[in-house]
Amino acid sequence: GALAAAAGGADGALAAAAGKPASALTQEELFRLMQGRRAAKQGNESHAFWDTQPVPKIGTQVEEYGPLVHQTVDDIRTDPYGMPTGFGWDEIDVTDNGQANEVYMLLTENYVEDDDNMFRFDYSTEFLEWALTPPGYSKDLHLGVRHNKTKKLMAFISGIPADMRVNQETTRMVEINFLCVHKKLRSKRLAPMLIKEITRRVNLLGVFQAVYTAGVVLPKPIAACRYYHRSLDPKKLIEIGFSRLQPRMTMTRTVRLFKMKEEPNIPGIRPMEPRDTAEARVLLNDYLSKFQLAPILTQGEFDHQLLPREGVIDSYVVEDADGKITDICSFYHLPSTVIGNPKHNKLNAAYSFYNVATSVPFKLLMEDALILAKQKSIDVFNALNIMDNDEFLKHLKFGIGDGNLQYYLYNWKCPDMEPPQIGLVLL
């Protein structure tokens, strides 16, 4: 998930990619455009907003851990920030089909696009409900902006409370995501208002830190990670203009290169069930404890995030002869609509989520994740180079991307991290 670039900052390579027709983009350039990380105006105003916020300045060396600003709930204003004339705040109930559909439409039409309008992310309402309603969520932090006359939803931002461990210290934070402003309102500088207002609401809950990701460089990343992509249906990806045949490669050879086995390698690997989750949570939390930035999942959060939901999240477990859960793999679905292609209307993409291997090599577990994703009609499988993912990326024929995904902390200092020190996946 990305904090939209509308909040400031621009990336030259991405801006250059945006000027090309989609058919001329590399797979990675297209992915970066499809992530919804659009470059904002270049220039001095880029970081003007962030320079007013409790985040380290770009170029500063951070050696210690802890908050930049110490606050209590008593320090926080109780009235909402003002809005431009004609617009007002509204809390969105994503468990209500009508309101969830409004968020879906806003994101579909404004959050993610490529310049030739060939692909459009398709955040289903089921995906949004999964992403936005874990145990302990606050409707107060599903924040919308409506047009006062038409009542049309014109902007959205979300915050999800979570216990986050940075180094050895655990802090209550919110995960900020889905910041989206309608194209017609981009000139009104709504993004900083959304960030300020959701910060105020989060602070009133007694939470003063946040974590978020963005494809642009803002003040100041704690880590720069990279996406890798594994073709599962290369013929389809080439037919829709998503990727191209490599030099001196025929379609037949390309299909053969990326061909997967029909069935998983690991005997007895199966979908996760409710009876598995108590053991699986301990396994995952133990695994995540070795990373510098990671969530600490309650049982309710684990069940919500990892139990399979058709077309949203798939999770699998391996159990030993004694019935003990030894391994977990999982991926979530984020398809795109393919516009104007005579053969295909949907691009099925999966994203690596949380994976733990203790009884089998990690490479073998992730090969099975690819096979299982292919069985679910996934066309391309994406993964960041975080956690232990470097162990399998090259071996399993993932292609390296050329764009970074930055991780950020709000009002929390910490030294820079390398991607393998990150143990957190944000949707």
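Is C329 buried or exposed? C329 is buried, at a relative accessible area of 0%, where buried means under 20% relative accessible area, exposed means over 50%, and partly exposed lies in between, with a 1.4 Å probe and protein chains only. C180 also counts as buried, at 2% relative accessibility. A search of the whole structure for disulfides, that is, pairs of cysteine sulfur atoms within 2.5 Å, finds zero.

Before I go on, a word on the source. This is a predicted model, in which local features need pLDDT of at least 70 and side-chain atom pairs count only at pLDDT 80 or more, while totals for chains, interfaces and linings use all residues. Residues are numbered from 1 along each chain as its sequence is written, and side-chain values use heavy atoms, with hydrogens and water left out.

Now the chain as a whole. Of its 427 residues, 57% are buried, and its secondary structure comes to 11 helices and 17 strands, taken as DSSP runs (H or I of at least four residues for helices, E of at least two for strands) and numbered from the N terminus.

Let me turn to the interior. In soluble globular proteins, nonpolar side chains tend to be buried together. Here the largest nonpolar core has 75 residues, and F178, L293 and Y407 have the most contacts inside it; such a core is a set of buried Ala, Val, Leu, Ile, Met, Phe, Trp, Tyr and Cys residues joined through side-chain atoms within 4.5 Å. Strand β4, residues 153-166, gives the most to this core, with six residues. Another core, of 31 residues, lies apart from it and includes L141, A191, V202 and Y408.

The buried residues of α8 include T277, A280, L284 and L288.

Finally, there is an open sheet of three strands, in the order β2-β12-β13 with antiparallel pairing, where two strands pair if DSSP finds at least two bridges between them. At its edges stand β2 (119-121) and β13 (346-347), each with a single partner strand, so one side of each is left without a neighbour in the sheet. Three bridges join β2 to β12, residues 336-338, and R120 stands opposite T337 in β12.
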